[in-house]
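Here are some notes to read alongside the model. Take them in order, with the structure open.

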Amino acid sequence: MNVHITNIYGFIHDQDLRKKQNQFADAAHALGFKEMGIFNFDVSTDTENELSKRIDGIISSLQFNDLVFVQLPTGNGEHYDNLLINKIKAYNTKVCVLLHQTIEYEYVLNAADLIMPTNNEVHAYLKEHNYSNVFYKKNINYEFSMISNSSNILSSDFYIKKYLIDAVDELEEPILDKQDEDIIHIGFGLHDKDGHYSVWVGTVMQSILEHTDSRICFHILHDETVSEENKRKLKQVAHQKGDVIEFHFIDTSIFDDVKERLHTFTVGTMFRLMLPEILPNLNKIIYLDADIFVNIDIKELWDIDTSDVCVAGVKDYWVANYAWNPYPVQKELVNRDSYINAGVLVLNLNKIRSYCNMKEKTLEYLIENPESNLFDQDALNVVYKNSIKTIDSKWNTFVGVVREQNREKLNRCLFHFVGNFLILYSESKIDKEYFKVISRTPWADYEIENQINKCLLRLNDRINQYQSLLPRLSQTGIKHIFYGEENATLRKLYNLINVTEKDYRVLKHPDSSKDYILPCKDLESLKDENGPIIIFVLYESDNYTAIQNLEELGYINGEDFFVAARFLSFLDGGFA
């Protein structure tokens, strides 16, 4: 890998900028950096084609995977600087911006792998605007002059060289032998449509690194929704201890035949099916969902013997305790007591490849079983039911259970939020510790405020639901109708409301059992109701179509029917 640095020449009105760039270039020459000379001129005299050719000449010595220190501003304007950065990054280079003056080039500053402020004014500007790729966050001992507010450069040639050397060390990604048995490989599926899901993957990674001394190689299977900014932040987490992160692009059209059935899931859940193909030379990997918190050395999970099986995982707590009733269990395709949760898996990739094609067999199952309600988790349980090893529950402990017990001391285990993320008001140790870990990630500045706001919004929504619900509930002769399977949440709701013999449940396909408290009727029965009724709905019922089905029958959300998860507490099955 070659290291380059830009330097400006020609007639420059800003002589201070020229001196600063020359001083940094001189220090870089002494360290063996190659110079890219930039002539200062009136760029408006060039056509786009001429300008492009001129920059091609400047970067002609550049090779793939090199490292470039770009000194900004060049004095040639924002358009020129944008084009320069784009041309350099086309070589898969690492770009470090040496920033001598404040510039409002948002694209350039976000595109850089590192930004190095060279004076107090720039340092303060970057800090104020919360740029996450700034070198000062880890290196605060460089001598910025604090005598005045003027633009004072680093005080000596020694510190300039130290600054440059430390940045090179930061950006030189460690190279690991992927077949080294001491390296732990961990995979994630990442679909980030709203730009906010990457923080959860980053938080899992942060919690892993804080609890292990082992070398880690993270594999991020992603689509086009993952931004370059979030990739940089994920790299920042991985590189803090010298570990490696690799990004693997997934073409989501592979899953077109089943994507429309995902409902509350995202296509990212399907990406794990690609691990055996994406990593053909890898023997073993741990797969983790993004809603995980690690409070134990991940090496202990890695060391579990999976030589005789394709998959190792933990029995699903809610399924084992009859709170969930997944399709394969209903149809007796797998036994309830052997059904595993797919949020934490140890995959023997070699054995999986010899057993069957994971992606093809899973898609085949989903196409043939369109009612499977837990999607690829159901499929994996069915496809590998004869080659699954169940492991200790500490490797997939559901946070909902921890909150119910309100544990003030956390066990050494791996916690799974199961889709319900942080609840600041839970008073459980797990939420407090998870919040602390988020605050140590590159997303902290935004996420701390965001989580507090979400907490307040959820509490306000619950209050508003009660204000609408209670007058309707107190009507004389009101009939209570419940939409959903009779699980733990509905039974708690029965106790709160005091059901009567005229109350019942509905589903598109009614279920019946002598163990059920309320009888179940066909959903169409609601068309015959003409007295005062109130409907309580589990939003996940009928494969997550319950709310839509009620609205198609003319019922109004918040007036005629109420989503149980919106007004129940999280301990009773409500939203966080």
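1. A term first: contact here means heavy atoms within 4.5 Å. This is a predicted model. With that in mind, look at helix α18 (residues 429-438). Helix α18 lies across β10 and β15. Its direction makes an angle of about 85° with β10.

2. Now the sheet under that helix. β10, β15 and β14 form an open sheet of three strands, in the order β10-β15-β14. The pairing is mixed. Which strands are at the edges? They are β10 (292-294) and β14 (397-398), and each pairs on one side only.

3. Follow β14 to its partner. β14 and strand β15 (residues 414-416) run parallel and are joined by two bridges. For a landmark, find F398, which stands opposite H416 in β15.

4. Turn to strand β1 (residues 3-9). Is β1 enclosed or open? Six of its seven residues are buried, so the rest of the structure largely encloses β1.

5. β1 has parallel pairings with β2 and with β3. With strand β2 (residues 34-39), β1 pairs in the parallel sense over six bridges. Y9 stands opposite F39 in β2. With strand β3 (residues 67-72), β1 also runs parallel, joined by three bridges. There, V3 stands opposite L67 in β3.

6. Next, a pair of helices. Two packed helices are described by the angle between their axes and the distance between the axes. For helix α7 (residues 198-209) and helix α8 (residues 228-239), the angle is about 5° and the axes are 9 Å apart. Angles under 35 degrees count as roughly parallel, so α7 is roughly parallel to α8.

7. Which residues make that contact? From α7 come S198, V201, G202, M205, Q206 and L209. From α8 come N230, L234, V237 and A238.

8. Charged pairs come next. Side chains of opposite charge can pair when their charged atoms come close. How many salt bridges does the whole structure hold? A search finds 24.

9. Take R505 and E486. They form a salt bridge, with the closest N and O atoms 3.6 Å apart. R505 lies in strand β17 (residues 504-507). E486 lies in the loop between β16 (479-483) and α20 (488-497). The pair therefore ties together parts that are 19 residues apart in sequence.

10. Is this pair buried or exposed? The cut-off for buried is under 20% relative accessible area. R505 is at 0%, so R505 counts as buried. E486 is at 8%, so E486 is buried too. The pair also belongs to a network: salt bridges link E486, R491, R505 and D511.

11. K527 is exposed, with a relative accessible area of 56%. E524 is partly exposed, at 41%.

12. Last, check R54 and D46. These two form a salt bridge, the closest N and O atoms being 2.8 Å apart. R54 counts as partly exposed, at 36% relative accessibility. D46 is buried, with a relative accessible area of 16%.

Notes. Residues are numbered from 1 along each chain as its sequence is written. This is a predicted model: local features need pLDDT of at least 70, side-chain atom pairs count only at pLDDT 80 or more; totals for chains, interfaces and linings use all residues. Side-chain values use heavy atoms; hydrogens and water are left out. Axes are lines fitted to C-alpha atoms, for helices over the stretch in contact, and angles run from 0 to 180 degrees between N-to-C directions. Helices (H or I, at least four residues) and strands (E, at least two) are DSSP runs, numbered from the N terminus. Angles under 35 degrees count as roughly parallel, over 145 as roughly antiparallel, 65 to 115 as roughly perpendicular and the rest as oblique. A salt bridge is a side-chain nitrogen of Lys or Arg within 4 Å of a carboxyl oxygen of Asp or Glu. Buried means under 20% relative accessible area, exposed over 50%, partly exposed in between (1.4 Å probe, protein chains only). Two strands pair if DSSP finds at least two bridges between them.
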